[in-house]
Every structure is written in structure tokens, then in C-alpha cells.
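This briefing walks through a protein model, one topic at a time. Please keep the sequence and the structure in view while reading, and find each residue as it is named.

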Amino acid sequence: MNNEVDATKYSNTDLAMAYSRIGEVFAENNMNSTAKKYFKQAIGLMPFVIDYRIKQGTFLLKQNQLSASKTVFTDALALNPTIKEIHLNLGYIFLLEHDFEKADLYLKQAIALDPDYILAYENLVLLAQKQNKVDQAKVYLNKILEIAPEHKAKEILQKL
């Protein structure tokens, strides 16, 4: 099966969207080198579309390529510092790298952009647990339950 796209028939906007989606399909099927190629092509065609950068950064993060992922998200942040997903992912990367101060900064910025951002609160719970800050973890778990009363945070809170 040929997965090449006839680039002469489509606009850069359409091609970039197609390449990004093709990259996602290859990533889901563990064809990572091909996925990486298509994500790069999407960004090459439309370098200011943040969604393509977020998809590429997330792909790299799932591949445990923290440095490359951090670069992608940092570049995206420079283009638009108001996207909560960028802050969330940078916070998570710093959490994985045990740079807890930066992780806290980025995760709280994600919450500043969206006060009901459960993923950011979940990562703050993880951050607090890694630092043995049980009281802080409880605060974040309770906040999650304010936003989503049926969340699994209820079970975690009962265990603490």
C-alpha cells in the first residue's frame, strides 16, 4: 500500500493536516520512524499551527524522548503561551526529570489558564506524592472532586 500523498493536488493547509493525521495513525501502530517523518512534514508546512506541535511533542513524550519533546513544547510555548496543554506537558516532563520546582510552575500555569483542568491537578497530585507532601496531595484531590465528583480521586483520598 502506498502512503505517499500527491502534494501537487492539495494546499499546504490540507497537506499539513493530512500529514499530522497520518503521523498519528503510524504512531498508533508503533511505526514510529514513519510517524516522526509525517509529524515533521506537517510542522514544516504549517510551522505556526500549535496543534501539530502538540501532537509531535506528545508523540515524542510517549517515546520517552524527553529532551526532544521538551524542545517541541518550548518552541510551541514561544509561539503561544496561552495553551494549557503545552504547560501541562512541560510540567509533566519536568516531573519525570525530577525538576519539581519547574514542574510545579508549569502545572500551576496550566491551571491558571483553565481553573478546572483536571489533568493538571492529577499531575500536581503526582508531584506532591513524589515529594511526600501528603497534605498538598489531599488539597489537589479535593479540588478534583469539586470539579468531577465521580473521579477516582475519591478512592485515592481515602487511602491517604
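This is a predicted model: local features need pLDDT of at least 70, side-chain atom pairs count only at pLDDT 80 or more; totals for chains, interfaces and linings use all residues.

In which helix is Ile43 found? Ile43 is found in helix H2, which covers residues 32–45.

**Ile43 and its surroundings**

- Ile43 counts as buried, because its relative accessible area is 11%, and buried means under 20%.
- Leaving aside the neighbours within four places in sequence, Ile43 is in contact with Tyr52, Arg53 and Gln56.
- Ile43 and His98 are 55 residues apart in sequence, and their C-alpha atoms are 29 Å apart in space.

**Helices H2 and H3**

- Helix H2 and helix H3 pack with their axes 9 Å apart and at an angle of about 155°; the two helices are therefore roughly antiparallel to each other, since angles over 145 degrees are classed in that way.
- On the H2 side the contact is made by Asn32, Ala35, Lys36, Phe39, Lys40, Ala42 and Ile43, while on the H3 side it is made by Tyr52, Arg53, Lys55, Gln56, Phe59 and Leu60.
- Sorted by class, the residues in the contact of H2 with H3 are 7 nonpolar, 2 polar and 4 charged.
- The crossing in which H2 passes H3 is left-handed.

**Helices H1 and H3**

- Helix H1 (residues 12–28) also has a contact with helix H3 (residues 50–62), and their axes come within 11 Å and cross at roughly 20°.
- That angle makes H1 roughly parallel to H3, because angles under 35 degrees are classed as roughly parallel.
- From H1, the residues Thr13, Ala16, Met17, Ser20, Glu24 and Ala27 meet Tyr52, Lys55 and Phe59 of H3, and this contact divides into 5 nonpolar, 2 polar and 2 charged residues.
- H1 passes H3 in a left-handed crossing.

- Asn123, which lies in helix H7, is buried, with a relative accessible area of 12%.
- When residues up to four places away in sequence are not counted, Asn123 touches Leu88, Tyr92, Leu95 and Leu107.

**Salt bridges**

- Side chains of opposite charge can pair when their charged atoms come close.
- The structure holds 5 salt bridges, and the points that follow describe some of them, including the one between Lys55 and Glu24.
- Lys55 forms a salt bridge with Glu24, and their closest N and O atoms are 3.3 Å apart; Lys55 lies in helix H3 and Glu24 in helix H1, so this pair ties together parts that are 31 residues apart in sequence.
- Lys55 counts as partly exposed at 27% relative accessibility, and Glu24 is likewise partly exposed, with a relative accessible area of 27%.
- Asp104 forms a salt bridge with Lys108, the closest N and O atoms being 3.2 Å apart, and both residues lie in helix H6, where they are 4 residues apart, about one turn of the helix.
- Asp104 counts as partly exposed at 22% relative accessibility, and Lys108 is partly exposed with a relative accessible area of 37%.
- Glu146 forms a salt bridge with Lys143, with the closest N and O atoms 3.5 Å apart; because Glu146 and Lys143 are 3 residues apart in helix H8 (residues 134–147), they are separated by about one helical turn.
- Glu146 counts as exposed at 57% relative accessibility, whereas Lys143 is partly exposed, with a relative accessible area of 25%.

Terms used: Residues are numbered from 1 along each chain as its sequence is written. Side-chain values use heavy atoms; hydrogens and water are left out. Axes are lines fitted to C-alpha atoms, for helices over the stretch in contact, and angles run from 0 to 180 degrees between N-to-C directions. Angles under 35 degrees count as roughly parallel, over 145 as roughly antiparallel, 65 to 115 as roughly perpendicular and the rest as oblique. A crossing is left-handed if the near helix is turned anticlockwise from the far one by less than a right angle, and right-handed if clockwise. Contact means heavy atoms within 4.5 Å. Ala, Val, Leu, Ile, Met, Phe, Trp, Tyr, Cys and Pro count as nonpolar, Asp, Glu, Lys and Arg as charged, and the others, Gly among them, as polar. Buried means under 20% relative accessible area, exposed over 50%, partly exposed in between (1.4 Å probe, protein chains only). A salt bridge is a side-chain nitrogen of Lys or Arg within 4 Å of a carboxyl oxygen of Asp or Glu.
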